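Open the structure in your viewer and keep the selection tool at hand. The tour below goes stop by stop, saying what to select and what is there.

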Amino acid sequence: KVAVLIDARVREGILGPLHFQNAEGKIGFADGKLTIFPLHFDAGAGRCTGQVEVDRLPDGSSLLKISGHLENFDAAALQHELFKRRGLITGTLKGDFYLEGEPGSKFLKSSLGGFSLQIKDGVLRKFPFLSKVFSLLNVSQILTFNLPDMSQEGMPFNRLKGNFNLSKGILSTDDLFVDSNAMNLSLVGDADLAEQKLDLVLGVKPLRTVDKIVTRIPIAGWLLTGEEKALITAHFAIKGKSDDPEVTPIPITSVSEKVRGIFKRVLGLPGKVVTDVEELLQGGKK
């Protein structure tokens, strides 16, 4: 048996798809396993503390395991490094992660793991499905807020947070939450990263109040909450290719009890579900 321990420092380099600077760590090799722990490195203004393991499996293949904590990372730069395309979310990111898979080109399709993250003071850039959602949310005459132009500047947000699971290239979440001045968003569902396909349900909660509903609400699936029935949410199914998905308004009654409960918890919706718009328009007597 051979055991090796190396105390290493690297000024700059590449770990998988990620460029790093000022790395420090202990590299160990024993019983066919390569480890780097503890590992500390910078990536721009960000700092990562983590661990890397490479195991040789009985069939001759290898298993790469990466885990750690990120602090003060540039979210857009990190997305560009990982996916080799312009980052769609800007802001300052922190989070924890664990990923494992076969090293190299098969990593994504063999990957397992999860991560939790929080991004502050960012922008959602040119998400095709958000552009379609906002075009359907044509309620400017009812609500006193302006929708952001997703085709131009994107949608600024104060905070984005969520927990994610990754299984063989399928990324899933049941609590992604975006807090912005215009509205709050919550996403539940899956994204196939290899095939670039989405299967999501989106809940949208505008943050303004409505004194009186003066016309028929143009889409189905609204949820009114509170004693004054003042806050409104809408729900959408998002399916298909991520660069041009189909976005469909859906009634709250078509959403599963599980998803409905998630939206109520994440978006803070304790109120009752209104399934009959006529009740709303003619109501107020009860």
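**Before starting**

This is a predicted model, in which local features need pLDDT of at least 70, side-chain atom pairs count only at pLDDT 80 or more, and totals for chains, interfaces and linings use all residues. Residues are numbered from 1 along each chain as its sequence is written, and side-chain values use heavy atoms, with hydrogens and water left out.

**Stop 1: confidence**

Colour the chain by pLDDT, the predictor's confidence in each residue, from 0 to 100. The protein chain averages 79, and 77% of the residues score at least 70. Now select residues 209-231, where pLDDT stays under 50. The model has 65 contacts for this stretch beyond four places in sequence, a contact being heavy atoms within 4.5 Å. Next select residues 270-286, where the pLDDT is also below 50. This stretch has 27 contacts in the model beyond near neighbours in sequence.

**Stop 2: the cores**

A nonpolar core is a set of buried Ala, Val, Leu, Ile, Met, Phe, Trp, Tyr and Cys residues joined through side-chain atoms within 4.5 Å. Buried means under 20% relative accessible area, exposed over 50%, and partly exposed in between (1.4 Å probe, protein chains only). Select L124, L160, L185 and L202: of the 46 residues in the largest nonpolar core, these touch the most other members. Strand β8, residues 155-167, gives this core its largest share, five residues. Strands (E, at least two residues) are DSSP runs, as are helices (H or I, at least four), numbered from the N terminus. A second, separate core has twelve residues, among them A237, V259, V266 and L267. In soluble globular proteins, nonpolar side chains tend to be buried together.

**Stop 3: aromatic pairs**

Rings of Phe, Tyr and Trp (its six-membered ring) pair if their centres lie within 6.5 Å; planes under 30 degrees apart count as stacked, over 60 as edge-to-face and the rest as tilted. The whole structure holds three such pairs. Select F20 and F41, a tilted pair with 5.8 Å centre to centre and 55 degrees between the planes. F20 lies in strand β2 (residues 18-30) and F41 in strand β3, 21 residues apart. Both are buried.

Then select F115 and F164, a stacked pair at 4.9 Å centre to centre, with 20 degrees between the planes. F115 is in strand β7 (residues 112-124) and F164 in strand β8, 49 residues apart. Is F115 buried or partly exposed? F115 counts as partly exposed because its relative accessibility is 23%. F164, at 11%, is buried.

**Stop 4: D42**

Select D42 in strand β3, residues 33-43. D42 counts as buried because its relative accessibility is 18%. Its side chain makes a polar contact of 3.1 Å with that of N22. A polar contact is a pair of N or O atoms within 3.5 Å; within protein, one must be able to donate a hydrogen and the other to accept it, and residues adjacent in sequence count only if both atoms are side-chain atoms. Leaving aside neighbours within four places in sequence, D42 is in contact with F20, Q21, N22 and R47.

**Stop 5: backbone angles**

Most residues other than glycine have a negative phi, and most peptide bonds are trans. Select F37 and P38: the peptide bond between them is cis, with omega near -5 degrees. P38 is in strand β3. Finally, select K168, which is not a glycine but has a positive phi of about 55 degrees. K168 sits in the loop between β8 and β9 (170-179) and, at 59% relative accessibility, counts as exposed.
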